[in-house]
Amino acid sequence: MGNEMVIDQKVLNDCLNDITRALLQADVEFKLVRHMQTNIKQVINLDHLAAGHDKRKIIHQATFDELCRMLDPGKPSFVPKKGKTSVVLLVGLQGCGETTTCTKYAHYHQKRGWKPALVCADTFRAGAFDQLKQNATKAKIPFHGRISKGVERCKKENYDLIIVDMSGWHKQEAALFEEMRQVYEATQPDLVIFVMDSSIGQAAFDQAQAFKQIVSVGAVIVTKMDGHAKGGGALSA
Ligand SMILES: Nc1nc2c(ncn2[C@@H]2O[C@H](COP(=O)(O)OP(=O)(O)OP(=O)(O)O)[C@@H](O)[C@H]2O)c(=O)[nH]1
């Protein structure tokens, strides 16, 4: 657009097509991208703009606003408060990086003055507790292995951020969904985070929806962004 002398409908379309291509290449869902295009075209009517208007600036602003709207969930996210106990439950597909993310999340908050503790609710995978224990020990974060007792004990010991690591879900295991519901009821979390491997791409919407039907998911964390995946699926999730 910067190289064109006259800004007309063709230039606007080319510009929107460039943005569309970039978003699709970054795994953003087609429906969302088409919606973005339609909204921008609705806001900008080049034929009706009076002379003297800076068309580049108007297109730029409309595009910027629309891209921001794609990122806006419409309500503020849950923010744990220091000194007040919050329970955060992490759920996700098997191998998505939940256990690793639990420790990262705890470490992030510990460095900022919270008093976090980790609780392992993964009863399916052999070695899950040992993995959490290893990570937690390295990051110097207290941990517990038994879900209900662990959460109760952490509350008594005045931890203000209790992070619960749920078993990774595998589609075939209906029992895990039931367990997730039970853990949800037993821990009454203030926030449920859906942990999503960035490489699932376009499947993100369906996965996130399947989880949301069982527990009230309030946030998404995208993992493995250090690989080649683009993570645009997070917008759908
Ligand atoms: N490259 C990369 N690897 C990661 C990341 N997060 C986790 N992993 C790796 O992904 C693998 C699975 O991670 P876990 O944290 O065990 O995943 P999980 O979802 O708890 O696994 P289950 O308990 O079996 O469901 C491990 O080898 C991790 O080291 C990340 O951000 N980047």
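1. Let me start with Lys224, which sits in the loop between strand S6 and helix H9. Helices (H or I, at least four residues) and strands (E, at least two) are DSSP runs, numbered from the N terminus. Lys224 is not a glycine, yet its phi is positive, at about 60°. Lys224 counts as partly exposed, with 17 C-beta neighbours inside 10 Å. For the burial classes, a residue is buried if 20 or more other C-beta atoms lie within 10 Å of its own, exposed if 12 or fewer, and partly exposed in between, with C-beta atoms placed from the backbone.

2. Before going on, a word on the model. It is a predicted one, where local features need pLDDT of at least 70 and side-chain atom pairs count only at pLDDT 80 or more, while totals for chains, interfaces and linings use all residues. Residues are numbered from 1 along each chain as its sequence is written.

3. Asp27 also deserves a look. Asp27 has a positive phi of about 75° without being a glycine, and its place is in the loop between helix H1 (9-25) and helix H2 (30-43). Asp27 is buried, with 21 other C-beta atoms within 10 Å.

4. Helix H8 (residues 204-212) has Ala204, Gln207, Ala208 and Phe211 buried. These residues cover an arc of only 95° around the axis, so they lie on the same side of H8; the arc is that of the directions from the helix axis to the C-beta atoms. Asp206 and Gln209 are exposed on the other side of H8. The buried residues of H8 pack against strand S1 (86-92), strand S5 (191-197), strand S6 (219-223) and helix H9 (233-236). Here, contact means C-beta atoms, placed from the backbone, within 7 Å.

5. Now the ligand. There are 17 residues around it, and Gly97, Glu98, Thr99, Thr100 and Gly168 come nearest; a residue is near if its C-beta atom, placed from the backbone, lies within 6 Å. Helix H4 (98-111) and helix H5 (128-139) each supply at least two residues of this shell, and H4 gives the most, with three.

6. On the chain as a whole, there are nine helices and six strands. The radius of gyration is 22 Å, well over the 18 Å that the globule rule gives for 237 residues, so the chain is more spread out than a compact globule. That radius is taken over C-alpha atoms, and the rule is 2.2 Å times the number of residues to the power 0.38. The C-alpha trace spans about 70 × 40 × 30 Å along its principal axes.

Terms used:
Contact = placed C-beta atoms within 7 Å.
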